[in-house]
Amino acid sequence: MTEKFTLRDILVYTLLGLIVLFFTYLYYPFEIGSIIKDSKDYSDLTVLLLIPISYLIGHILMSLDDVIFNGILLRFFPKEKPLKNKYWKFYNFLFFGYRNIGIRNKEEITNETFLKTCDKLITENKYEKAEYYQVMSDLFKGIVLIIFISIVFDIYLWRFEFWKLILIFLIWYRAKMFSAYYVRMIKRNI
């Protein structure tokens, strides 16, 4: 395994998995508390298993993110000149405006051109800075999804915490900034 994958694995998948476990503890404190109490006798094993379990949960979360945003919601997006219509501009802004694909749609960069430029930068060893922004964008996209799911649970449980709306907006905005940096860095080389 290379150093780049290790950094991505820690920053994106493992950290997102830990955040999911934290939010699970917030919603089900008694069930999780009893698991923690039962595992005190096996604390070394519990800590050892916590990392791969968090890593796996992070991968599942990012898979869910891909299914929702690169599968289901993207099917409703037209292929040809989608941002000429106000409805599609708002749809792109809301669901994809903080993602690489939404910013590429706004900049009218095709997926094929973008990926070819990324491949060229990787072979020329000029991709490291862009990769950092991609990793940070993925991290913040995952956190947005976690908080969104948390808000859905709040609505289902008939409780609502306003601070989560503020938090989701701030993290959504930060994810948008990292995605914009990433797309701009690649666009400069097209």
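User: In which helix is the place of Asp65?

Analyst: Asp65 lies in helix H3, which spans residues 43-72. Helices are DSSP runs of H or I with at least four residues, strands are runs of E with at least two, and both are numbered from the N terminus. This is a predicted model, in which local features need pLDDT of at least 70 and side-chain atom pairs count only at pLDDT 80 or more, while totals for chains, interfaces and linings use all residues. Residues are numbered from 1 along each chain as its sequence is written, and side-chain values use heavy atoms, with hydrogens and water left out.

User: What makes Asp65 count as buried?

Analyst: Buried means under 20% relative accessible area, exposed means over 50%, and partly exposed lies in between, with a 1.4 Å probe and protein chains only. Asp65 has 1% relative accessibility and therefore counts as buried. Leaving aside residues up to four places away in sequence, Asp65 touches Asn70, Arg99 and Leu145, where a contact means heavy atoms within 4.5 Å.

User: How confident is the prediction for the protein, in mean pLDDT?

Analyst: The mean pLDDT of the protein is 82, and 85% of its residues reach 70 or more; pLDDT is the predictor's confidence in each residue, on a scale from 0 to 100. Confidence is lowest in helix H2 (residues 29-38), with a mean of 65, and highest in H8, with 91.

User: How many helices and strands make up the secondary structure of the protein?

Analyst: There are 8 helices and 0 strands. Of the 190 residues, 38% count as buried. Among contacts with a separation of 6 or more, 76% join residues 24 or more positions apart.

User: Why is helix H5 called mostly covered?

Analyst: In helix H5 (residues 100-107), 6 of the 8 residues are buried. These are Asn100, Ile101, Gly102, Ile103, Arg104 and Asn105. The buried residues of H5 pack against helix H4 (86-96), helix H6 (111-123), helix H7 (128-156) and helix H8 (162-187). Just after H5, Glu108 takes a positive phi of about 55°.

User: What makes the pair of Phe69 and Phe96 edge-to-face?

Analyst: The whole structure holds 13 aromatic pairs. In one of them, the ring centres of Phe69 and Phe96 are 6.4 Å apart, with 80° between the planes.

User: How do Tyr132 and Phe178 form an aromatic pair?

Analyst: Their centres are 6.4 Å apart with 90° between the planes, which is edge-to-face. Tyr132 in helix H7 and Phe178 in helix H8 are 46 residues apart. Ring pairs also join Tyr132, Tyr133, Phe140, Phe178 and Tyr181 into a cluster.

User: Is Tyr132 buried, exposed or partly exposed?

Analyst: The relative accessible area of Tyr132 is 41%, so Tyr132 is partly exposed. Phe178, at 5% relative accessibility, counts as buried.

User: How do you know that the charged end of Arg174 sits over the ring of Phe178?

Analyst: The charged end of Arg174 is 4.6 Å from the centre of the Phe178 ring. The criterion asks for NZ of Lys or CZ of Arg within 6 Å of the ring centre and within 35 degrees of the ring normal. Arg104 likewise lies over the face of Phe114, at 4.6 Å from the ring centre.

User: Why does Leu139 count as buried?

Analyst: Leu139 counts as buried because its relative accessibility is 7%. Leu139 belongs to helix H7. Beyond residues up to four places away in sequence, Leu139 touches Leu11, Val12, Leu15 and Leu16. Met62 is 77 residues from Leu139 in sequence, yet the two are 9.4 Å apart in space, C-alpha to C-alpha.

User: Which residues touch the most other members of the largest nonpolar core?

Analyst: They are Leu16, Tyr182 and Ile186, in a core of 43 residues. Helix H1 (3-27), H3, H4, H5, H6, H7 and H8 each supply at least two residues of this core, and H7 gives the most, with 12 residues. A nonpolar core is a set of buried Ala, Val, Leu, Ile, Met, Phe, Trp, Tyr and Cys residues joined through side-chain atoms within 4.5 Å. Contacts of Leu16 include Gly58, Leu61, Met62, Leu139 and Ile146.

How values were computed
Rings of Phe, Tyr and Trp (its six-membered ring) pair if their centres lie within 6.5 Å; planes under 30 degrees apart count as stacked, over 60 as edge-to-face and the rest as tilted.
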